[in-house]
Amino acid sequence: MIWSDQTHGYTATDCPDLGRPCPAAERMITRLAAALTQARPLTQEDFEITGNTVLDGCPKSCPAQFAASHDRIRIYCGVEAQTSRAGLDRFADAMFSPGDSGFAATTATARPCALIEAIPNPAHAQAATQVSLG
C-alpha cells in the first residue's frame with residue numbers, strides 16, 4: 001500500500017496474518033513522522049532514534065524494530081530485538097529502494113514478516129530546511 005500526508009510518503013507491505021498492512025505499524029509510523037517533523041528544527045541532520053516495540057494490531061502482537069531519522073523511517077514487523085538491523089535494512093532496501101541491486105533472499109539471516117517505510121516529501125523537507133536555516 002502507498003499513501004502520503006503533508007510531510008511524508010509511506011509504503012507498506014501486507015502482514016501475512018492480516019492480509020493487509022498492519023494498522024499498529026501504520027499508526028506508529030505516522031506518529032514517528034509527526035514527531036520527527038516537530039523535532040527537525042531542534043536536531044542535527046544525522047539525528048536518529050531506534051528501538052523495539054510490540055505491535056498490538058493483530059492477535060500475534062508482533063515484536064518489531066524501528067529506525068527513524070530525518071531521511072527515512074522504517075518499521076520491521078515480526079523481528080526480535082536482537083535481530084541485526086543491517087540485515088533488515090538490506091532486505092528493506094531490496095523491497096523499497098528504486099534501482100537497488102537486490103540480493104538473494106535465501107542469504108537473509110532474518111526476514112521481517114512485514115515492512116513499512118516513510119520518506120519525507122521533497123517539498124516539505126526543503127521548506128523545513130529553509131525554516132531551520134532561517
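Contact here means heavy atoms within 4.5 Å. This is a predicted model, in which local features need pLDDT of at least 70 and side-chain atom pairs count only at pLDDT 80 or more, while totals for chains, interfaces and linings use all residues. Residues are numbered from 1 along each chain as its sequence is written, and side-chain values use heavy atoms, with hydrogens and water left out.

**Stop 1**

Select L55. Leaving aside neighbours within four places in sequence, L55 is in contact with C22, A24, A25, M28, S61, C62, A64, I75 and C77.

Now select A25, I29, L55, I73 and I75. Of the 20 residues in the largest nonpolar core, these touch the most other members. A nonpolar core is a set of buried Ala, Val, Leu, Ile, Met, Phe, Trp, Tyr and Cys residues joined through side-chain atoms within 4.5 Å. Buried means under 20% relative accessible area, exposed means over 50%, and partly exposed is in between (1.4 Å probe, protein chains only).

Two or more residues of this core come from each of β2 (8-12), α1 (23-39), β4 (62-69), β5 (73-77) and β6 (114-120). Helices (H or I, at least four residues) and strands (E, at least two) are DSSP runs, numbered from the N terminus. The largest share, seven residues, is from α1. Another core lies apart from this one; it has seven residues, among them V79, L88, F91 and A92.

**Stop 2: strand β4 and its partners**

Select β4. Seven of its eight residues are buried. On one side of the pairing list is β3, which runs antiparallel to β4 and is joined to it by eight bridges; two strands pair if DSSP finds at least two bridges between them. I49 has A68 in β4 as its bridge partner.

β4 and β5 also run antiparallel, with five bridges. Here A64 is partnered with C77 in β5. A hairpin of three residues joins β4 to β5.

**Stop 3: H70**

Select H70, in the loop between β4 and β5. Is H70 buried or exposed? H70 is buried, with a relative accessible area of 3%. Not counting residues up to four places away in sequence, H70 touches L36, A39, R40, T43, Q44, E45, F47 and P120. The side chains of H70 and T43 are joined by a polar contact of 2.6 Å. A polar contact is a pair of N or O atoms within 3.5 Å; within protein, one must be able to donate a hydrogen and the other to accept it, and residues adjacent in sequence count only if both atoms are side-chain atoms.

**Stop 4: salt bridges**

A salt bridge is a side-chain nitrogen of Lys or Arg within 4 Å of a carboxyl oxygen of Asp or Glu. By this rule there are nine salt bridges.

Select D17 and K60, whose closest N and O atoms are 3.3 Å apart in a salt bridge. D17 is in the loop between β2 and α1, and K60 is in the loop between β3 (48-55) and β4, 43 residues apart. D17 is partly exposed at 46%, and K60 is exposed at 52%.

Next select D93 and R74, a salt bridge with closest N and O atoms 2.8 Å apart. D93 lies in helix α2 (residues 85-96) and R74 in strand β5, so the pair ties together parts 19 residues apart in sequence. R74 is buried, at 2% relative accessibility, whereas D93 is partly exposed at 21%.

Finish with R85 and D89, which form a salt bridge at 3.5 Å between the closest N and O atoms. Both lie in helix α2, four residues apart, about one turn of the helix. To see the network, select E48, R72, R74, R85, D89, D93 and E117, which are joined by salt bridges that share partners.
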